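Here is a short briefing on one protein chain. Keep the sequence and the 3D view side by side as you read.

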Amino acid sequence: MHTVIIVEDEVEVAHLVAQYLFSTNRYKVIGMASDINTARSLLGAITPDLLLLDVYLPDGNGLNLLAELRSQGISSEVVLLTAAKEVQILEKAMQLGVFDFLVKPVLLSRLDQALSRFESRQLKLSATEELTQSVVDAFMEVPTGATKAATRLPKGVDQLTLQKIREVFDAKPQDKLTAQMVGEKLGVSRSTARRYLEFLLECNELAADQSYGSIGRPERCYHRVR
């Protein structure tokens, strides 16, 4: 169970977030503060896994408090909960290692996304024994071929057909299929199927081997990357 401290001067917001964290059964709120001085004392005594921090507090700025914590070697993950909308606030937050920024009024669905990101980061760190580029990319959320494919599709490739082709290979990942075979399964032409298959090949989701038919004509056979 992940430990959390909430530093937030709006009682309603603090209680809403605390109740949501409790409902997940994955988080334990070990402290709450509504001002800098209380937060400083609390964080001097216990270090949480996750700190939910407001920026504008009655007796100071939450980011200045965070800078103090970082200088003391406190490395808790931080999510900002704030009504501040200045770009400079975001820039400073990123410099201090804040990994997410929730603008009030806080949406619980967006809070849940932040928590999912936090849990994913924690899992990646705990499972990592050796630092490699792929580990760094995963932790820093650098887009891979698969995520690029989902967000930036070339002309002539649509998401629906692409997903259907993925499902063909997901059903039997050991199969090697030609463009003709995939086209027949989906009811599209061989050339259309090949266009999608080559796109997935470029994104490193599929690999291809050269195969020779009965008349010696070479043809690509596509399969899931193993």
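Start with two strands. Strand β1 covers residues 2–7, and strand β3 covers residues 50–53. The two run parallel and are joined by four bridges. The model is a predicted one. Its protein chain holds ten helices and nine strands.

- For isoleucine 6, the bridge partner in β3 is leucine 52.

**The sheet**

- Five strands form an open sheet with parallel pairing. Read across, their order is β2-β1-β3-β6-β7.
- Which strands sit at the edges? They are β2, residues 27–33, and β7, residues 100–103. Each of these pairs on one side only.
- Neighbouring strands in the sheet are turned against each other by 20° on average, with direction ignored.
- Helix α1, residues 11–24, packs on the sheet. This helix touches β1, β2, β3 and β6. The direction of α1 makes about 160° with that of β2.

**From β3 across to β7**

- β3 pairs with β6 over four bridges, in the parallel sense. Here leucine 51 has valine 78 of β6 as its bridge partner.
- Another four bridges join β6 to β7, and these strands also run parallel. Leucine 80 is partnered with phenylalanine 101 of β7.

**Strands with covered faces**

- β3 is covered on both faces. Leu50 and Leu52 lie on one side, Leu51 and Leu53 on the other, and all are buried.
- How many residues of β6 are buried? The count is six of the six, so β6 is largely enclosed by the rest of the structure.
- The residues of β6 point two ways. Glu77, Val79 and Leu81 go one way, while Val78, Leu80 and Thr82 go the other.

**Nonpolar cores**

- In soluble globular proteins, nonpolar side chains tend to be buried together.
- The largest nonpolar core here has 23 residues. Those with the most contacts inside it are Val7, Leu51, Leu53, Leu63, Leu66 and Leu80.
- Which elements give two or more residues to this core? They are β1, α2 (36–45), β3, α3 (62–71), β6 and α4 (87–95).
- Valine 7 is in contact with Ala33, Ala39, Leu51, Leu52, Leu53, Asp54 and Leu57, leaving aside its neighbours within four places in sequence.
- Another core, of 19 residues, lies apart from the largest one. Ile6, Leu21, Val79 and Leu81 are among its members.

**A buried loop residue**

- Isoleucine 74 lies in the loop between α3 and β6.
- Is isoleucine 74 buried or exposed? Its relative accessible area is 14%. Buried means under 20%, so isoleucine 74 counts as buried.
- Beyond its neighbours within four places in sequence, isoleucine 74 is in contact with Leu43, Thr47 and Leu69.
- Leucine 43 is 31 residues away from isoleucine 74 along the chain. Their C-alpha atoms are separated by 8.8 Å.

**Two crossing helices**

- Two packed helices are described by the angle between their axes and the distance between the axes.
- Helix α8 covers residues 159–171, and helix α10 covers residues 190–202. Their axes come within 10 Å and cross at roughly 75°.
- That angle makes α8 roughly perpendicular to α10, because angles of 65 to 115 degrees count that way.
- From α8, the contact uses Thr161, Leu162, Ile165, Arg166 and Phe169. From α10, it uses Tyr196, Leu197, Phe199 and Leu200.
- The residues of this contact divide into seven nonpolar, one polar and one charged.

**The whole chain**

- The protein chain has 226 residues, and buried residues make up 36% of them.

Technical notes
Residues are numbered from 1 along each chain as its sequence is written. This is a predicted model: local features need pLDDT of at least 70, side-chain atom pairs count only at pLDDT 80 or more; totals for chains, interfaces and linings use all residues. Side-chain values use heavy atoms; hydrogens and water are left out. Two strands pair if DSSP finds at least two bridges between them. Axes are lines fitted to C-alpha atoms, for helices over the stretch in contact, and angles run from 0 to 180 degrees between N-to-C directions. Contact means heavy atoms within 4.5 Å. Angles under 35 degrees count as roughly parallel, over 145 as roughly antiparallel, 65 to 115 as roughly perpendicular and the rest as oblique. Ala, Val, Leu, Ile, Met, Phe, Trp, Tyr, Cys and Pro count as nonpolar, Asp, Glu, Lys and Arg as charged, and the others, Gly among them, as polar. A nonpolar core is a set of buried Ala, Val, Leu, Ile, Met, Phe, Trp, Tyr and Cys residues joined through side-chain atoms within 4.5 Å. Buried means under 20% relative accessible area, exposed over 50%, partly exposed in between (1.4 Å probe, protein chains only).
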